[in-house]
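Hello,

Here is the structure I promised to pass on to you.

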Amino acid sequence: MLKDELLDKIGDCRLCGLCEGRTNVVPGDGSWEADIFFVGEGPGKDEDLQGKPFVGAAGRLLTEMIESIGMSRDEVFITNVVKCRPPSNRDPLPEEVKSCWPYLEHQIKIIKPKLIVTLGRHSMARFLSGVKISEVHGQPKRAEGIWQDRQVFLPLYHPAVALYDSRKKSVLFKDFAKIPLILKKIDESP
Ligand code: URA
């Protein structure tokens with residue numbers, strides 16, 4: 001499937017109940033040739049209103065972190081596990097994640113990112129099983145991939161957590177700072 005066809009499908013999606021309450025679908029944003037692919041959990045209020053991922057307070061922090069490693073939001077791709085806002089920002093239900101999963105898979109197959117960065121434990125759990133975020137945050141992990149047999153994932157704390165916990169915020173910035181070296185190592189590995 002090509003990018004425009006995929007975006008049309010996501011835009012018209014009625015596969016789960018989240019479509020009922022949405023103002024806008026939030027398919028994802030950034031470069032479709034990005035090396036880094038960020039996956040959050042689901043759109044919040046601001047994202048639903050604007051149709052763009054991570055544009056609220058957590059988004060501003062994510063933007064700041066991306067810029068702290070000398071990159072811009074236009075150079076990376078940012079999306080979520082579900083593309084429509086769960087009511088009252090609750091966690092998406094397993095069946096909602098399941099309905100939306102093929103969209104995420106297609107995005108990854110088109111973009112072919114070198115590194116998938118999961119934001120928060122819910123996003124992490126979709127790709128890496130049997131791990132705890134408090135133990136693995138900031139550590140690159142090779143696991144079964146979507147466009148590659150083995151793909152590099154970097155689990156990070158969710159930026160929203162860092163908004164209320166200054167200790168986690170500094171951990172998050174430190175973990176984020178590892179990204180350029182991780183990318184370099186991926187480039188150098190056979
Ligand atoms: N939190 C998320 O997980 N995703 C967004 O797009 C915004 C906030």
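Let me begin with the lining of the largest cavity: its residues are nine nonpolar, one polar and three charged. Here Ala, Val, Leu, Ile, Met, Phe, Trp, Tyr, Cys and Pro count as nonpolar, Asp, Glu, Lys and Arg as charged, and the others, Gly among them, as polar. Please bear in mind that this is a predicted model, where local features need pLDDT of at least 70 and side-chain atom pairs count only at pLDDT 80 or more, while totals for chains, interfaces and linings use all residues. Residues are numbered from 1 along each chain as its sequence is written, and side-chain values use heavy atoms, with hydrogens and water left out.

A cavity is a set of points on a 1 Å grid over the protein atoms alone where a 1.4 Å probe fits but cannot get out; a pocket is an open set with protein on both sides within 12 Å along at least five of seven lines, and lining residues have an atom within 4 Å of a point. Points are joined across faces, edges and corners, and a volume is the space filled by probe spheres set on them.

The largest cavity holds about 80 Å³ of space. It is lined by 13 residues, and Cys-13, Cys-16, Cys-84, Cys-100 and Tyr-103 are the closest to its centre. The largest share of this lining, four residues, comes from α5; helices (H or I, at least four residues) and strands (E, at least two) are DSSP runs, numbered from the N terminus.

The largest pocket has about 610 Å³ of space. Among its 29 lining residues, Glu-41, Gly-42, Ala-58, His-158 and Ala-160 lie nearest the centre. With four residues, α8 gives the most to this lining.

Now for the ligand. The residues around it (a heavy atom within 4 Å) include Gly-40, Glu-41, Pro-53 and Asn-80. A polar side-chain atom of His-158 is 2.9 Å from an oxygen atom of the ligand, and a backbone N or O atom of Phe-54 lies 3.0 Å from a ligand oxygen atom.

Finally, the sheet. Six strands form an open sheet with mixed pairing, in the order β1-β3-β2-β4-β6-β5; two strands pair if DSSP finds at least two bridges between them. β1 (29–30) and β5 (141–144) are at the edges with a single partner strand each, so one side of each has no neighbour in the sheet. β5 and β6 (residues 150–156) run antiparallel, joined by four bridges, and Glu-144 stands opposite Arg-150 in β6.

Best wishes

Key: Polar contact = N/O pair within 3.5 Å; in protein donor to acceptor, adjacent residues only side chain to side chain.
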